[in-house]
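Open the model in your viewer and keep the selection tool at hand. The stops below go from ring pairs to the core and then to the sheet.

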Amino acid sequence: MTTPANDVDAALVTRRSIRAFLPTPVSRADIEAILEAASRAPSGTNTQPWKVYVVRGESLARLSQALLAAYDDPQRDALYQEEYPYYPHQWVSPYIDRRRKIGWDLYGLLGIEKGDKARMHEQHAQNYRFFGAPVGLFFTIDRVMERGSWLDYGMFLQAIMTAARGRGLDTCPQAAFTPFHRVIAEHLGLPSQEQLVCGMSLGFADENALVNTLRTEREPVERFTRFLD
Ligand SMILES: Cc1cc2nc3c(=O)[nH]c(=O)nc-3n(C[C@H](O)[C@H](O)[C@H](O)COP(=O)(O)O)c2cc1C
């Protein structure tokens, strides 16, 4: 990796999805400072469509248990479905290839062979343990808001992850929670008007964890950019 040109680039390029955290707590003041900085994210007509739930301590442990129980429920597919399609209904290249690569890279790194459903299930379950992080963040949006606000939301989420890096903290954004929105809504006491967007684990990365040695690739700029002068 080339040396980042400045602190902003450093925060951007050192952000990666961390899947093993230390139990080291994150102070409420740090979480508030990250959210305050991230709330400077732009949004169409300054609508600020985000709402955040910070789950820690006993509350996190109880939610984790409820999520793991739901994830292990034999009736899971019938009982728990996502409310909005995060991924395309029909996968095509090059997206499907990239999706497969990250899956194989992750499982390969952990020595999980193709078809080893039990170990894949166990690895996926780490999502519901927040990868050992001391903080779980949940993000909701008012159901009245449209697609543009979801665009705004992405900027807010990236701003959180970048602000976390600025404080030596790491994150993993998680769509894995979305099928279990009812479990989460009950735990958070969500009004029916609020829809779960996604969750995120926040904490200090366990730098010694094998899973955190995963490095993802990106297409070079010239592959996704056209200059018209
Ligand atoms: C909205 C969103 C949801 C994601 N959901 C999950 C998830 O549920 N579990 C997980 O391990 N990673 C999840 N990821 C992480 C992606 O796999 C990761 O961003 C991608 O592979 C690129 O790797 P990097 O974040 O390390 O750069 C998610 C990322 C985003 C942006």
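Select Tyr-86 first: this residue is partly exposed, with a relative accessible area of 47%. The model is a predicted one, where local features need pLDDT of at least 70 and side-chain atom pairs count only at pLDDT 80 or more, while totals for chains, interfaces and linings use all residues. Residues are numbered from 1 along each chain as its sequence is written, and side-chain values use heavy atoms, without hydrogens and water.

Now show the charged end of Arg-99, which sits over the ring of Tyr-87, 4.7 Å from its centre. (Sitting over a ring requires CZ of Arg or NZ of Lys within 6 Å of the ring centre and within 35 degrees of the ring normal.) For another such case, select Lys-114, whose charged end is 4.4 Å from the centre of the Trp-104 ring.

Next, the ring pairs. Across the whole structure, a search finds 15 aromatic pairs. (Rings of Phe, Tyr and Trp, the last by its six-membered ring, pair if their centres lie within 6.5 Å; planes under 30 degrees apart are stacked, over 60 edge-to-face, the rest tilted.) Select Tyr-80 and Phe-180: their pair is tilted, 5.2 Å centre to centre, with 55 degrees between the planes. Tyr-80 is in the loop between α4 (76–79) and α5 (95–109) and Phe-180 in the loop between β3 (170–174) and α8 (181–188), so the pair ties together parts 100 residues apart in sequence. (Helices, H or I of at least four residues, and strands, E of at least two, are DSSP runs numbered from the N terminus.)

Are Tyr-80 and Phe-180 buried or exposed? Both are buried.

Finish at the open sheet of four strands, ordered β1-β2-β4-β3 with antiparallel pairing. (Strands pair if DSSP finds at least two bridges between them.) The edge strands are β1 and β3. Zoom in on Val-52, which stands opposite Phe-139 in β2.

Methods
Buried means under 20% relative accessible area, exposed over 50%, partly exposed in between (1.4 Å probe, protein chains only).
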